[in-house]
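User: Could you walk me through this structure? I'd like to begin with how the inside is put together.
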Amino acid sequence: MLNFGSSFKKLVQDSGIEIIERITIKTANGEKRIKLGGSQEENQVIANALSKNLSADEVRILEKSGVEIEFTNENGCALYSEDLIRTDNGLFYKGRRVLLHIAQRTSVKKNSPDNLPKYHLHYCKALEMQKNNGNLEKYRVSLSQDGTFHFSFGDKFISDQKLHVCKTCVKELYPNYKEMGVSDERKFYKGEYRNTLNVSYFSLKKHFQTRPETVIDGDSPKLVFDGLDVSGMDMDYQEVSNEYRKEWRKISIERKKAQNYTCQECNWKPRNANEKKYIHTHHMDKNKGNNLSSNLKVLCMECHYNNHPTLKEKQPYKDFLKIK
């Protein structure tokens, strides 16, 4: 195996050639020889995550209520998790195989697993689509052994809610899915019969028994990104047109989270989820394409519209003044 200097590695990687390094890390199940092909910074984050060991208290929390995914921020926007790693074999939180699930739904017509978000076994195409839509932050990490998770509908908390496994996960991980308790079925959907999978009896217990608990030798771990493309965010925006970028909604949400939804001028803060709509992210130079951190400010609607007086005639502004 050849060892390259960091400068040469960067030159080669910038040319589109991937360099795979094999490193040995210590995990809960001993030393593992894994493959890393990212930048030096990415490789270090991955090695740190896989070297962590879950404490007994952390395991109990993961089994009972799960934990939120925390993302590292740059320019006020979430980029990747320092604890959650993906491989072709699954998802790992601090080196331990886990599941991902959404723990809340504002409303649902029928309280049944068929109508609720599905939990994921690995980084499947369906989960990647959620990432691309900027929805990864909605997910929680869990060690549920039976597919039962803490779940809530709006403000109503339900401690035990059965969820179904993601069908895409099953198809991608288990070509012989019938061995996992999954069967074929036909369902009438939108005026026609379609072939689908019945995952009601999927054996999550068998999944955990047949899959490695931690990364295995030869795995190629990668960071789990939240889907926001921040490339060029700190470039010179003088030539950028005064138009919102496609990432604007995500950037705005991240900025508001970073400020705890508190106005940076008058310190007004929403008292409930509904009032969060009155917190805005303002472009100080009034160029909607300039998303530099130094150009963004979190303001309540009143302070925001002081910079845009013509908007004060709109009804939402009048509604806000009544509650502020």
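Analyst: A nonpolar core here is a set of buried Ala, Val, Leu, Ile, Met, Phe, Trp, Tyr and Cys residues joined through side-chain atoms within 4.5 Å, where buried means under 20% relative accessible area, exposed over 50% and partly exposed in between (1.4 Å probe, protein chains only). The largest such core has 43 residues, and Tyr119, Leu121, Val141 and Phe202 touch the most other members. Please keep in mind that this is a predicted model, in which local features need pLDDT of at least 70, side-chain atom pairs count only at pLDDT 80 or more, and totals for chains, interfaces and linings use all residues. Residues are numbered from 1 along each chain as its sequence is written, and side-chain values use heavy atoms, with hydrogens and water left out.

User: Which strand gives the most to this core?
Analyst: Strand E7 does, with four residues; helices (H or I, at least four residues) and strands (E, at least two) are DSSP runs, numbered from the N terminus.

User: And what does phenylalanine 202 touch?
Analyst: Leaving out residues up to four places away in sequence, Phe202 touches Tyr119, Leu121, Val165, Val170, Tyr174, Met180, Gly181, Val182 and His207, a contact being heavy atoms within 4.5 Å.

User: Where do arginine 60 and aspartate 57 sit in the fold?
Analyst: They are three residues apart in helix H3, and so are separated by about one helical turn. Arginine 60 is partly exposed at 48% relative accessible area, and aspartate 57 is likewise partly exposed, at 48%.

User: Is glutamate 275 buried or exposed?
Analyst: Glutamate 275 is buried, with a relative accessible area of 8%, whereas arginine 271 counts as exposed at 57%. Their side chains meet in a salt bridge of 2.9 Å, N to O.

User: What about lysine 178, what does it pair with?
Analyst: Lysine 178 forms a salt bridge with aspartate 184, at 3.6 Å from N to O; lysine 178 is exposed at 57% relative accessibility, and aspartate 184 is partly exposed at 44%.

User: Which part has the lowest confidence?
Analyst: Taking pLDDT as the predictor's confidence in each residue, from 0 to 100, the lowest mean is 62, in helix H1 (residues 6-14), and the highest is 95, in H5. Over residues 231-238 the pLDDT is below 50, although this stretch has 17 contacts in the model beyond near neighbours in sequence. The protein as a whole averages 82, and 81% of the residues score at least 70.

User: Last topic, where is lysine 222?
Analyst: Lysine 222 lies in strand E14 (residues 222-225) and is partly exposed, with a relative accessible area of 45%. Not counting residues up to four places away in sequence, lysine 222 touches Ile46, Ile85 and Arg86. Glutamate 42 is 180 residues from lysine 222 in sequence, yet the two are 8.2 Å apart in space, C-alpha to C-alpha.

Technical notes:
Salt bridge = Lys/Arg side-chain N within 4 Å of Asp/Glu carboxyl O.
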